[in-house]
Structures are given as structure tokens and as C-alpha cells.
Amino acid sequence: MEKAQRVHGKGKAVLRAYGTEVAFEEMSYTYPLKLLSPKTSASKPIAIVYAMSYGGGLVGGDHIDLEIDVGAAAGLVVLTQGSTKVFKTRPHSYRPSSLSASDLTTQALHVNVASRGSFFLLPEFVTCFKDAQYNQSQKFQFHEDSTVVVLDWITSGRLSLGEQWSFTRYRSTNEFWMSGKRVAKDVLLLDDSQSNLPPLGPRPLESRLYPYSCFATLFLFGSDVQNIVNSLNNDLANVSQFQSPSPMDLIWSLSSCGGHGTVVRLAATEAQMIRLWLRTALGPLKDVIGIDIFEKAFI
Amino acid sequence: MDLSQDEYLLLLLSDGNLPTGSFVSSSGLESFVKHGFLGLDTATKDTETPIPRLSKTDGTVNFIRDSLFTYAHTALPFVSDAHITVSRLRDEIASGPPPVELVEEVEKALLELDELYECMMLNHVARRASQAQGVALLTLYSKGFTKPSLVALPAIDTKDSTAQDTFLTLIDDMKLRIRASDTPGHLPICWGILTAALGLSLERSQYLHLFLQARSLISAAIRMNTIGPYASQQLLLHVIKPLCDSALKQTSHIRTQASAKSKNINDEERSTPYEDDDGPATTWPLGEILGARHDLLHSRIFNS
């Protein structure tokens, strides 16, 4: 069997603050990863990086490794341009469709944030197409006085093609280390291994997650985002859930985790609802990253 | 009939009257029901609002199914590793009291497991329930499973007394640490410790843990009145068994990798890109949200 060509894209970005300015000491990337840092008008030592893949998608066998280092008092906002699409095979490829089941697409991100540094990962959602296999692994190392905000979200597939959670496997790991100690580790595994368990009837992923087609997890660490956490806690303090005849279109929860961190989980029938929710809930970030950058994050 | 020690332990540990505190926990079922998810099915997806169509019993079965699988994927690796860790002491005891270094090593490994489980349990309601039930299991060993001193019961032999002393010391020490908030004392770790101390095999410890989790969901469903007491027996015989069997098949081999040191994931020398590709994982994110919303319920009969 012909082995699919494996593509291993690597990238590295090292950001340092000089007074109210920031500069990248290093910025490198290889195919199919691309890093772009547009100039910002911010009056703070803060920069944006767009992490993109050529063609706007990843295919079976693609590996992306990105390493980011944010220096003391520097701030970095990492965004994507559009959603991350994970295909089973490269579209319009001449390659024979002889991909083996092990043709996993992987993305790894390793972020180091120095003391008083801040890091914001606010990408568009990931969409795994039918039969895709995706493994994302992200690790964040920071300090007690750093600020870290990480958004990780996934939709159910190409709605226009009627895809509802019809990928093969999705695994996402987010690990947080504060001052050398692991404070939170979240691993989400979505696959259809439980769908057929004779003698019981089928229970596909779509049924398990019904009626939702988008799930998001938001992690918040640091005193700069404490006002966001307080405001969310206030919202929940006012909730008194009576017996509901049917599920809400958007549902969310909040739990505190180690290292004074907070994890927020959301589910909604449409991704757009989560986007709007985030835009409102994370509104106070405008004061931290500046309104221009904030607007870019939630178009 | 001749019951082996292992089989007899199964009878004792599966007793619904064991004081483990599981009766105050619904593992998210109460929240699931109150939020309108019971009986929901994709068959209604063409209607404007999703309306529950399935019977309460079918809805309960679906909840148990989704809940049990995510529990097996997250908790069972910790049961396995805690059991394997404590069993190292049992193997050593066969040839006399275990060396102090080994006892310390075992205890350190258990604390690492407990710490990792706490890090991975990002739902405060489930965290609370897990801690309450964990410490109850340790108390169960020291108060409920040590040999009583009775006139009718001759003194235990040296080997048995070495084993009991070793495990009692280990378990009492864990309890002290839990009380001092040094370590959370989560249910899967404590279950692994208890069953290994009693000498129950790993396979049976794993199976029993999943069975008890499923049965506690069934008990919660009876209290919530989503199934009746007779239906619950039908489910235990015809549904819970295949569920436990397949959940076990999928998760019994998974380990926590708690003792694996932090590696730089960009390390060139790594053999596989994702060291924890098969580690513990949540498989039902909706269950996480609903479970964590338990405290928002207007009225509730369970603590979790």
C-alpha cells in the first residue's frame, strides 16, 4: 500500500517586550504552517500572530508543531484566519486514496509565558470533516503573575453536507503548568467507539451530544481576567434552574481549577451563539489587549 | 459450593449497604433530568425545539451509557494504577515486612495519582462527590475490614498481621493527609488502594468499580423516579452487564502516565508524537456541563 506523504510543519515565535514596544526575537515556520504578525496600533507591549495552514486546512498525516515563548511583561494574542478544517485527504489531490487508518492529523502547541507576560489563544473553531482523525495537544507553562486565556472549540462538521459529528476521532489535550506545577489537564476524546455495542442498539456521537453542534472550553488564569470570572460567577449566582421541558440552545458551566484558574464549558446548537456569548463574556479583555485586537479576535 | 476469597470479597464489596456515601450522588443525572435532556433523541431533530420522545426508561439507559463510558475513560486508569501501585507492597509482604523505602515510594506514587486526578477533574461538583466517597472507602478498610479481636477468633498469623499492619499504616497515613488537605483523596485512587489492600485482583477491582458506578446511577434513577424498582433489576441483568463489559474492554488497559515526567512536546527524540494518546479522557462533554450545573438547580435531592 502506498504510504501517504507526511508533512511536518514546524514553527517558533519568541516575543520580547522593550518598554511599551514588543519585538519578535525569532519567528520561523515551515510548510504547511504559516505565521503572520500584522502591525498593531496598540499602545501596549502586545503583538498578534496568525497561525495558519496553507489552503486553510489540514489533511490526514499532517503534523504541525508550534512553539511560542512570551517574555516578561510582553503580551501575545494568537489567532487563526478562519476555522481549522481537518480533511481526511487533501482535496483535489492526485494522490491515490490509499490512506491508512493511522493517517492522523496532529497539531501540537507549546507555550511558555514569563513572569508578568500574557498569552491569549483565541482561534476560530476546529471542524473535523467526515472520517477525519485529529489529535491536538497544547501545553501552557506560566507563572502566578502571568495571564493566560485559552479557547478551544469544535463544531460538528460541514453542516451544508449534513455532517453531524461524523468524523472518526477527535482528541484535544490542554495542559496548564503554573510555576513548574501542573494545575489543570483537560482531555476531550470524541469518537464513535461506543456507537455499536451489541446487544445494545447504536448510540452514535450525534446522539450523545444532541441537540448541540458546537462545544467550547475556555480556560482563564491570572489577575487580569479575574473581573471576567467574577462577572460570570455573578451570572450563575442568579440562575435557579427549574424543571425544563427541553434543553436550552446554549448551555454553559463554570468551575474553578488549580492555580486560581477557571474553566468554562459551553455547548450550543450553533457556533455563532457561542461566538456571541464569548464576545460579551470576554468583553473586558478590550481593556487588556486593546479594542482593535479584540475586534480581530471576534469577527 | 466453594467460594474463593476473591469471590467472597466481591459479595461483600458489592453490598449496597456499604457506608460509602454514594447514595447522595446522582453523578449528574438530576441535573440532566432538570435541564430537559431525559428521553431526548435525534429523531426529533426536525422539529423546531428538541422534545423528549423516548420513554423515561430508555432515556435513563442512554444517560447511564454516556455517563458510564466517560467515567470509565477518566477514572478507571486511576483505579488501575492505584491498585498496581499498592499491589507492589502485597507482593513484597510474602517475604516479610516491606522495606521502608518501598512504602514511601508507594505512598509518593499514590499522592501523584491523586494530584493528577484532581488536575483532570475540572468539574467542581464531581470533584466534591469523589472526595467524599474516597475518604469513606479508606475508613471502610480500617474500621470495616480489619480483623476484629474476638475471643471466638484466634490471633492472626504473622504474615496476615504484617499485611494488615502495612496497609493500615499506609491507609491511616493517607487519611491523615486528606484531613490535613495535603491530598484530595479521590474515589478511584482510594478504591484501588482498598481493593489492592484486601487482595482483590486487578481485573475484579476494575469490573466491580464500574459495576458499582453503574448501580449507583441506577439507584439515583430510582430515587428520581425515572425508572421503577423492577425495571432497575431488568436493566442490571440485561443492560448494565453488556455496558460494563464493553466499557471495561475499552478502558481496562489505559494507564494514567502520572509518573511520566513532563516532556518537552517539541522534543525531536520522542518516539510517538503524543505520549498520552491513550491516557484518561472525557468522552462526554455535555455530561461535564450538566454535572457542573448541579448546584444551579432550584431544588435538588442529591448533593451532586
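Q: What makes Glu124(A) count as buried in this predicted model?
A: Its relative accessible area is 16%. Buried means under 20%, so Glu124(A) gets the label.

Q: How do you know that Arg275(A) and Glu124(A) meet in a salt bridge?
A: Look at the N to O distance between their side chains, which is 2.4 Å. The cut-off is 4 Å from a Lys or Arg side-chain nitrogen to a carboxyl oxygen of Asp or Glu, so this pair qualifies.

Q: What does the pair of Arg275(A) and Glu124(A) tie together?
A: Arg275(A) lies in helix α3 (residues 271–281) of chain A, while Glu124(A) is in the loop between β10 (118–121) and β11 (126–128), so the pair ties together parts that are 151 residues apart in sequence.

Q: Why is Arg275(A) called buried?
A: Arg275(A) has 11% relative accessibility, and the limit for buried is under 20%, so the word applies.

Q: Why is the contact of Arg128(B) with Asp295(B) called a salt bridge?
A: The closest N and O atoms are 2.9 Å apart. The rule asks for within 4 Å, so the pair counts. Arg128(B) sits in helix α5 of chain B and Asp295(B) in the segment after α10 (285–292), 167 residues apart, and they link distant parts of the chain.

Q: Are Arg128(B) and Asp295(B) buried or partly exposed, and what decides it?
A: Arg128(B) is at 38% relative accessibility and Asp295(B) is at 27%. Partly exposed runs between the 20% limit for buried and the 50% limit for exposed, so both residues land there.

Q: What makes Lys241(B) and Asp245(B) a salt bridge, and where do they lie?
A: Their closest N and O atoms are 3.1 Å apart, and the cut-off is within 4 Å. Both residues lie in helix α9 (residues 229–251) of chain B, four residues apart, or about one turn of the helix.

Q: Why are Lys241(B) and Asp245(B) called partly exposed?
A: Lys241(B) comes out at 46% relative accessibility, and Asp245(B) has a relative accessible area of 30%. Exposed needs over 50% and buried needs under 20%, so partly exposed is the label for Lys241(B) and for Asp245(B).

Q: How many residues are in contact between chain A and chain B, and what area do the chains bury?
A: 67 residues of chain A are in contact with 59 residues of chain B. The two chains bury about 5,500 Å² between them, 54% of it on carbon and sulfur atoms. Lys185(A), Arg203(A) and Tyr210(A) supply 13% of the area that chain A buries against chain B, more than any other three residues.

Q: How do you know that the span of α4(B) agrees with what it should be?
A: At 1.5 Å a residue, its 21 residues should span 30 Å, and the end C-alpha atoms are 30 Å apart, so the two agree. The buried residues of α4(B) pack against β15 of chain A, together with α3, α5, α6 and α7 of chain B.

Q: What makes Ser53(A) buried?
A: Its relative accessible area is 19%, and the limit is under 20%, so Ser53(A) counts as buried. Ser53(A) is in strand β4 (residues 46–53) of chain A, and its side chain reaches the backbone oxygen of Gly57(A) at 3.4 Å.

How values were computed:
Residues numbered from 1 in each chain as written. Chains lettered and ligands numbered in written order. Predicted model: local features only at pLDDT ≥ 70, side-chain atom pairs only at ≥ 80, totals over all residues. Heavy atoms only, no water. Contact = heavy atoms within 4.5 Å. Buried area = accessible area lost by both parts, 1.4 Å probe. Helix = DSSP H or I, 4+ residues; strand = E, 2+ residues; numbered from the N terminus. Buried < 20%, exposed > 50% of the residue type's maximum accessible area, 1.4 Å probe, protein only. Polar contact = N/O pair within 3.5 Å; in protein donor to acceptor, adjacent residues only side chain to side chain. Expected span 1.5 Å × (residues − 1).
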